[in-house]
Amino acid sequence: MKNLTLTFALLFISFQICKAQQIPGLEFSNYGGLYRATYNPSVIGGPKHKFQINIISLGGSIKYRYFRFLGENSFLTPILASHSTKEIYGRSRTMGSLTYKDPIYVVSEIRWPSAMIALGKYQGLALQLRTRGYVQGNNIPDPIQHIYFKRMDTGSTNGYENEAWGDFNLVQQSFSDISLTYGVQLLDLESHKLRVGATVKRVFGARVGYLTGSADSFSIRPLAGNTETSELVISDLSYESGYSAANRKANIGRLMDSDLYGAGWGYDLGVSYELGSYWHKTKEVFDESPEYLIRFGASLTDIGSIRYRTSNTRVERGRQATTVVGQTELETISDRGPEGFMSLFPADTTTTFRQDVRLPQAIHLEADIQLVKGFFLNLSQTKRFKSRAGQPLDIYQPNSFTITPRFEDEDSDFSFPITFIRGNNRPSIGAVGHFGPIFLGFSNVNGILKPGGARGSMMYIGFSAWKLSRKKEKD
């Protein structure tokens, strides 16, 4: 049976292409519950928990600078940028991209209080509330990224003259969703177990701001008489800047108002199949740990879109032969987003924003091998699902392949994901620990220690409570 398991695993690997990253967390754990349900909703069928409550969970992509300025900045900047202009420039400089150089991919997430409950032995329901934020950028030259993070008034900027550029875009988007998940176990034989699950979600409170454009070239030059300060000079710049709603403080009572915020629908589908019961003979009374040798899983997540038909929108288009950006202008654009850009540069035409934007649609495949009782090796792949060319506002997940050694039991999990992200020059090595009601993890430990390679790491922290489902001891 073990030889058959290894054969299945090798076949699984042979059909995978090593592309990018599903952000690691508890999504592979048999005890992940709510945290695995957003990756594969089939876990809610025949759940390990009688009930589970997520008290609060936070996640964000940070870089090594975050720990140098802890307390002054925030790893939730992609969410905050839609509702605040306070110190967004300073906060954003502690964030790190999960992809190396180009494209830029920064993400934050809040999982609000949510709950899962078992409906007997084979069924379950989960209700979750999440808020997510993204910053995505394409073809932002490395020297321009450098002056953003290092500033242009510190004397740490190198000079560049007439460097070719081209088409570029930068998008910030955030939204919330409330979702209902149902899972059921269809097969419960000693060596074969089959689970399926589905999630429907209502998206609300969505806002997008963006800048797209094309430039012939750029230069970074010191100011005359002040070599400590530089300026960015862009030649032949054409641009479009827009937003679906003006930046305003979040008002919980109005987040559902589709006249102020974008809204939409989405769904997830998942299936998992467990093969083998090799570890059954080593189990003790009340031991509900999995018995399988290998678990196969497949899921589709975030299939759907956001519909922006808001009233307070604005899109401006313009063109300039020469555009000069100094440190003050850079901070204005960062703090205020498209509204800051519009206040600085003239528009040739003005219109409104009406568009449908896709959620981060993805397909996930996995094989989870139990090598020793309680020790697993997970092989997983995430790929963008039905991506559209020429749509920079569409949200996405980076393509990825992840190898995750994992120890787990009913009270704790320890995993060490090794993730290969398409375009990154080295793998991301993470560490995630779940200790009773608390979990803490990083997707790329190297990224938070030094600036080389992929410069960002997801950081997770969360708190939960649960009660396990247990069989009654026989007399």
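**View 1. Cavities of the predicted model.** A search of the whole structure finds seven cavities of 30 Å³ or more; a cavity is a set of points, on a 1 Å grid over the protein atoms alone, where a 1.4 Å probe fits but cannot get out. The largest cavity has a volume of about 1100 Å³, the volume being the space filled by probe spheres set on the points, which are joined across faces, edges and corners. It is lined by 45 residues, of which V135, Y148, L170, I333 and S334 are the closest to its centre; lining residues have an atom within 4 Å of a point. The lining comprises 28 nonpolar, twelve polar and five charged residues, where Ala, Val, Leu, Ile, Met, Phe, Trp, Tyr, Cys and Pro count as nonpolar, Asp, Glu, Lys and Arg as charged, and the others, Gly among them, as polar.

This is a predicted model, in which local features need pLDDT of at least 70 and side-chain atom pairs count only at pLDDT 80 or more, while totals for chains, interfaces and linings use all residues. Residues are numbered from 1 along each chain as its sequence is written, and side-chain values use heavy atoms, with hydrogens and water left out.

View 2. Strands are DSSP runs (E, at least two residues) numbered from the N terminus. In strand 3 (residues 114–119), S114, M116 and A118 point to one face and are buried (under 20% relative accessible area, 1.4 Å probe, protein chains only).

**View 3. Partners of strand 3.** Strand 1 (residues 49–62) pairs with strand 3 in the antiparallel sense over four bridges; pairing requires at least two DSSP bridges. Here I117 is the bridge partner of F51. Strand 4 (residues 123–138) is also antiparallel to strand 3, over five bridges, with L119 opposite Q123. Three residues separate strands 3 and 4 in a hairpin, and G120 in the turn has a positive phi of about 80°.

Technical notes:
Buried means under 20% relative accessible area, exposed over 50%, partly exposed in between (1.4 Å probe, protein chains only). On a 1 Å grid over the protein atoms alone, a cavity is a set of points where a 1.4 Å probe fits but cannot get out, and a pocket is an open set with protein on both sides within 12 Å along at least five of seven lines; lining residues have an atom within 4 Å of a point.
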